[in-house]
Amino acid sequence: MAKRPPKKPLWIRIAGILVYSLVCLAAISIGALYSWVNQSAFMRQVLLSKLGIPPPAPAEVFQKDSINVLILGADEDRVYGRIKPIRLQARSDMMLLAKVDFKFRRITGVSIPRDTLVALPGYKEQKINGYHAIGAKISPDMGKQLAKQAVETLLSVPIDKVILVDYAALQDMVNLVGGVEIFVEKRMVYQDRAGRLNIDLQPGRQRLDGSKALGYVRFRKDIGSDFARQARQKQFLLAFKTALRNNIGMLPQVLNKAVQAMSGGLSEDEVNSLAHFAMAIGGDNIRLGQIPVVDAPGYSLRVDYGKLAATLAEYNLIGDASGFPSARLS
């Protein structure tokens, strides 16, 4: 009969179990980290940064010191009372031409009132928000292209990128970071049953979820509505930036959702680069204004070309940036 090997001391057996458990835990942790990091290019870059490898500078990614970006928020074109939209990419509800200046570390821009008249070759003069709807009947890309041509014709400023904001994805981004803390400056009530837009906000500081935050940004039923919306848009951007910093673990999901929210206007690497840039600049270096307009017949507007150049220079869309305050990190 074979001799049974001597039993290992208890402390060795416990140490063996402990080592085995630690190895298993390490393997699980490494696997989870690998899966988490690979959810987005942004988190891969975060890991590289921790290893002392800095992210590519935006100027390298875009091959320019600055880019001009046209941001469109499109209405949902619906038949009254229907749940399903007829055409998701319809009239451009919001139009913002922004300059992201990598050299001077600033984001500036001007909103374009949707009722501003402009004529493109081959089309009759009409409100600028209509061109996106015309092109979208052919294809989403044609909608963005016609909107781009209309803004370039109106302002004589070249545009590098066009982003069509997916409102549903934007709401998801806000919900991912637990909402945004906003000071609602007044009672806001507005309902558009055809467009399924229901805004009902009480005044005061509060945390808004994605749906309420979108209503806050889109609300326009007030005096000087476009100017008021610009202030709200900036407050939302800064509030979202703060919420994202406070929920840094949600970055992979947020960045992936941002690619979706921009409807293919930017690649994952471009979103990654811009996210690093935006997180590093202070609120004083985000400035938004509006192009100068005058009233025109039929509840329309026309550009006040006597003041346009000065406004575009003020917001860094033409000329240099020497008149802006020094950039600072937040």
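These legends go with a set of close-up views of one predicted model.

**A note before you start.** Residues are numbered from 1 along each chain as its sequence is written, and the model is predicted, so local features need pLDDT of at least 70, side-chain atom pairs count only at pLDDT 80 or more, and totals for chains, interfaces and linings use all residues. Side-chain values use heavy atoms, with hydrogens and water left out.

**View 1. The whole chain.** You're looking at eleven helices and 13 strands; helices (H or I, at least four residues) and strands (E, at least two) are DSSP runs, numbered from the N terminus. Of the 330 residues, 44% count as buried. Here buried means under 20% relative accessible area, exposed means over 50%, and partly exposed is in between (1.4 Å probe, protein chains only). Take the contacts between residues at least 6 apart in sequence: 65% of them join residues at least 24 apart. A contact means heavy atoms within 4.5 Å.

View 2. Mean pLDDT for the chain is 78, and 71% of the residues reach 70 or more; pLDDT is the predictor's confidence in each residue, from 0 to 100. Over residues 28-34 the score stays under 50, and the model has zero contacts there beyond four places in sequence. Residues 77-89 also stay under 50, but for this stretch the model has 30 contacts beyond four places in sequence.

View 3. All six residues of β3 (residues 106-111) are buried. Arg-106, Thr-108 and Val-110 point one way, while Ile-107, Gly-109 and Ser-111 point the other. In a regular strand the side chains alternate between the two faces of the sheet. β3 pairs with β11 (residues 286-290) in the parallel sense, over five bridges; two strands pair if DSSP finds at least two bridges between them. Look for Val-110, whose bridge partner in β11 is Gly-289.

**View 4. Ser-111 in β3.** Zoom in on Ser-111, which sits in strand β3. Its relative accessibility is 8%, so Ser-111 counts as buried. Which residues does Ser-111 contact, leaving aside its neighbours within four places in sequence? They are Met-95, Leu-96, Gln-230, Gly-289, Gln-290 and Ile-291.

**View 5. Ser-66 in β1.** Ser-66 belongs to strand β1 (residues 66-74). With 18% relative accessibility, Ser-66 counts as buried because that value falls under the cut-off of 20%. Neighbours within four places in sequence aside, Ser-66 is in contact with Lys-99, Val-100, Asp-101, Phe-102 and Asp-160.

**View 6. The largest cavity.** The structure holds three cavities of 30 Å³ or more, and the largest has a volume of about 1,100 Å³. On a 1 Å grid over the protein atoms alone, a cavity is a set of points where a 1.4 Å probe fits but cannot get out, and lining residues have an atom within 4 Å of a point. Grid points are joined across faces, edges and corners, and a volume is the space filled by probe spheres set on the points. The largest cavity is lined by 36 residues, with Ile-71, Leu-237, Phe-240, Met-262 and Ala-278 nearest its centre. Helix α8 (residues 225-246) gives the largest share of this lining, seven residues. By type, the lining divides into 32 nonpolar, one polar and three charged residues.

**View 7. Glu-185 in a loop.** Find Glu-185 in the loop between β7 (180-184) and β8 (188-192). Is Glu-185 buried or partly exposed? It counts as partly exposed, because its relative accessibility is 37%. Not counting residues up to four places away in sequence, Glu-185 touches Tyr-216 and Arg-232. Gln-202 is 17 residues from Glu-185 in sequence and 8.7 Å from it in space, C-alpha to C-alpha.

**View 8. The β12–β13 hairpin.** Four bridges join β12 to β13, and the two run antiparallel. Asp-295 stands opposite Leu-301 in β13. The hairpin has three residues between its strands, and Gly-298 in the turn has a positive phi of about 70°. Tyr-299 is in the loop between β12 (293-296) and β13 (300-303), and its phi is near 55°, positive in a residue other than glycine. Tyr-299 counts as exposed because its relative accessibility is 79%.

Methods. On a 1 Å grid over the protein atoms alone, a cavity is a set of points where a 1.4 Å probe fits but cannot get out, and a pocket is an open set with protein on both sides within 12 Å along at least five of seven lines; lining residues have an atom within 4 Å of a point. Ala, Val, Leu, Ile, Met, Phe, Trp, Tyr, Cys and Pro count as nonpolar, Asp, Glu, Lys and Arg as charged, and the others, Gly among them, as polar.
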